[in-house]
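Here is a brief report on a ligand site and on the charged pairs of the fold. Keep the structure open while you read.

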Amino acid sequence: MALRLRKLSYALGAEVCDIDVAWPMGERQFGEIYKAFLDHGILLFRNQDVTREQHIEFSRRFGELDRHEALPRDRHPQYPELLMVTNEPKSDGSPSDTQYTGRQWHSDMSFTTAPSLGSLLKSYAVPEVGGDTLFANMTLAHDALSEGMKKLIANLHGIHLSGTRKLANDNTGIERMAEQKRINPPVAQPVARVHPETGRKALYIGEKVKRFDGMTEDESRPLIDTLVRHATRPEFVYRHQWKKNDILAWDNRCVMHQALGDFDETQLRHMERTTVLGAPSGYVVGGG
Ligand code: SIN
């Protein structure tokens with residue numbers, strides 16, 4: 001039976017209707033899903049009340065999974081293939097290390113030399129309202145640049161840092177951030193990357209980019225800000241309003257995203273993410 005798709009927005013995304021990702025799926029059906037993933041950048045699967053094993057199993061169809069060695073504190077204690085994004089306090093009552101994960105525009109694992117192909121995020125608990133995630137189509141954003149700007153960025157490399165912007169007025173996540181910085185030296189990635197499967201160029205930039213290789217922070221900042229502002233214009237963006245048991249799969253090679261803090265933080269928001277490894281890209285930069 002042909003896949004039933006419903007577009008999520010003008011810019012990107014499609015919902016895959018009438019599907020249970022835990023059901024054994026033949027090569028042909030998964031092939032259709034993967035084609036839709038490449039065509040739309042984001043796929044939404046609603047009502048997926050699946051186990052962690054089933055989430056992992058389905059994710060493996062997209063490729064080899066990251067065991068999140070770069071983010072050791074954020075892993076699920078029993079399942080290294082699952083990265084936690086939760087505001088649930090730890091068992092000793094202290095704040096969660098991952099409550100502010102993803103609050104900047106970014107592409108997953110861009111600060112490593114194996115940046116992610118794609119991610120599959122499952123929602124376990126969502127606040128009554130808000131807790132949305134924004135996604136930007138970086139292929140459209142690249143295509144819409146002037147020819148002059150395309151030329152200017154064609155050979156630039158942005159230096160990506162790990163870590164989350166500090167958002168709380170307490171010490172939440174400070175040790176974790178220091179650990180992440182220790183494990184992950186700064187990595188330079190092309191600002192315009194060719195998608196290895198579609199052959200299309202996409203902007204590869206975001207708020208984890210500190211400067212361009214060979215340039216100072218002061219010199220780089222105006223152009224970084226211009227490109228991020230350009231890529232996040234409403235016509236390139238989809239805003240996902242989560243329901244419990246959504247699985248959202250996105251292509252990190254041509255989509256960047258940002259989790260919003262638009263909700264009552266006393267309410268639980270608990271998500272778990274698998275991360276599919278991508279092809280090697282970029283190089284380590286001494287000194288940042
Ligand atoms: C992430 O950046 O992977 C998390 C996104 C979210 O929690 O909405």
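## The ligand shell

This is a predicted model. By class, 4 nonpolar, 4 polar and 3 charged residues make up the shell around the ligand. The residues in question are V85, G102, H106, D108, L121, T133, W250, H257, A259, R269 and R273.

Which side chains place a polar atom 2.8 Å from a ligand oxygen? R269 has a side-chain N or O atom at 2.8 Å from an oxygen atom of the ligand. R273 also has a side-chain N or O atom at 2.8 Å from a ligand oxygen. T133 contributes too: a polar atom of the T133 side chain lies 2.6 Å from an oxygen atom of the ligand. On its own, the ligand has 260 Å² of accessible area, and the protein covers 100% of it.

Where does the ligand sit? Its place is the largest cavity.

## Salt bridges

How many salt bridges does a search of the whole structure find? The count is 23. One of them pairs R4 with D18. Their closest N and O atoms are 2.9 Å apart. R4 belongs to strand β1 (residues 4-7), while D18 is in the loop between β2 (14-17) and α1 (27-40), so this pair ties together parts that are 14 residues apart in sequence.

Technical notes
Residues numbered from 1 in each chain as written. Predicted model: local features only at pLDDT ≥ 70, side-chain atom pairs only at ≥ 80, totals over all residues. Heavy atoms only, no water. Near = heavy atom within 4 Å. Polar contact = N/O pair within 3.5 Å; in protein donor to acceptor, adjacent residues only side chain to side chain. Areas by Shrake-Rupley, 256 points an atom, 1.4 Å probe, with all protein chains shown as cover. 1 Å grid on protein atoms, 1.4 Å probe; cavity = no way out; pocket = protein on both sides within 12 Å on 5 of 7 lines; lining within 4 Å. Sits in = over half its atoms within 2 Å of the grid points. Nonpolar A, V, L, I, M, F, W, Y, C, P; charged D, E, K, R; others polar. Salt bridge = Lys/Arg side-chain N within 4 Å of Asp/Glu carboxyl O. Helix = DSSP H or I, 4+ residues; strand = E, 2+ residues; numbered from the N terminus.
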